[in-house]
Amino acid sequence: MADPLNLASAHAVDELMAGWRGLARAGGWHVSEVVGRAHRFEMFWTAGRPGPVFGYLSAGIHGDEPAAAWGLLRWAQRNAGRAILGNLLIAPCLNPEGLRTNLRCAPSGLDLNRCFDRTGMPWVRQWRRLLALAKPSRAVLLHEDYDAGGCYLYELVGKGASSVGRQLLTKAAGRLGVDARRRIDGQRATQGLMVRGPGLRLPHGQPEALALAEIGCSPNFTFETPSEAAFADRVRAHDRFADAALRISLG
Ligand SMILES: [Zn+2]
């Protein structure tokens, strides 16, 4: 079994998915295969059947962000058989070919995280159908950023809800610290935290976080680690973030 902390297998997507299929077999999970024209990926229902879930987790939509995908597997392996893993929908690697080749985009050249409003694409339709069935009440989307000076977090909150992002970021960052830039990707940030409302729109295609907000999944958290930092530290940060975001109680 691949060690999630091992940099040498960071892009070994077959080993990553073998880890997930092992968990699925042992836990009696249900697997939904999403098949597009140019790529395919798997989604796992940990309750053993498709239906409403507590939370949704995803990683690997950008293939050059490997610690996110391995951190999610490490978290799931550590929690195998525990209640926290009992009713989730998990997309461990949304862009398997990108991860294999260490490229942000899919082989088609598309940034998949700007395609969630492209309902003409078969994989987008299937993802939307599965998420409409799942109706998660919170979501955790794991990413990395080579410009980052530390960890940072986009928190998309529902109307009238309060932010829990600071606590999560502090718990997860560990020795990586938080990104102190005042602007991150053109947005104003406060010690690595960017809290946004559900009405946010981006000019260049819809990311997963906004598609989730559209179906009423809030809060949803997009957590980013600095991809120039040590691999094992980044994997551990994603593991801690997934854990904290699922355990935190929301007012
Ligand atoms: Zn990303």
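In this predicted model, helix α2 has these buried residues: Pro66, Ala67, Ala68, Ala69, Trp70, Gly71, Leu72, Leu73, Arg74, Trp75 and Ala76. Eleven of the 13 residues of α2 are buried, so the helix is largely enclosed by the rest of the structure. The buried residues of α2 pack against α1, β3, α3, β5, β10 and α7. The length of α2 (residues 66-78) can also be checked: at 1.5 Å a residue, its 13 residues should span 18 Å, and its end C-alpha atoms are 18 Å apart, which agrees.

Two of the partners of α2, β3 and β5, belong to an open sheet of eight strands. The order of the strands is β1-β2-β4-β3-β5-β10-β6-β9, and their pairing is mixed. Strands β1 and β9 stand at the edges with a single partner strand each, so one side of each has no neighbour in the sheet. From one strand to the next, the twist averages 15°. Strands β3 and β5 pair in the parallel sense over four bridges, and Tyr56 stands opposite Ala139 in β5.

Two packed helices are described by the angle between their axes and the distance between the axes. For α5 and α7, the angle is about 145° and the axes are 8 Å apart. Helix α5 passes α7 in a right-handed crossing. By class, their contact has seven nonpolar, no polar and two charged residues. The table lists the residues that make this contact.

| Helix | Residue range | Contact residues |
|---|---|---|
| α5 | residues 165-173 | Leu168, Lys171, Ala172 and Ala173 |
| α7 | residues 231-247 | Ala237, Arg240, Phe241, Ala244 and Ala245 |

Technical notes: Residues are numbered from 1 along each chain as its sequence is written. This is a predicted model: local features need pLDDT of at least 70, side-chain atom pairs count only at pLDDT 80 or more; totals for chains, interfaces and linings use all residues. Two strands pair if DSSP finds at least two bridges between them. Axes are lines fitted to C-alpha atoms, for helices over the stretch in contact, and angles run from 0 to 180 degrees between N-to-C directions. A crossing is left-handed if the near helix is turned anticlockwise from the far one by less than a right angle, and right-handed if clockwise. Two residues are in contact if their C-beta atoms, placed from the backbone, lie within 7 Å. Ala, Val, Leu, Ile, Met, Phe, Trp, Tyr, Cys and Pro count as nonpolar, Asp, Glu, Lys and Arg as charged, and the others, Gly among them, as polar. The expected span of a helix is 1.5 Å times one less than its number of residues. A residue is buried if 20 or more other C-beta atoms lie within 10 Å of its own, exposed if 12 or fewer, and partly exposed in between; C-beta atoms are placed from the backbone.
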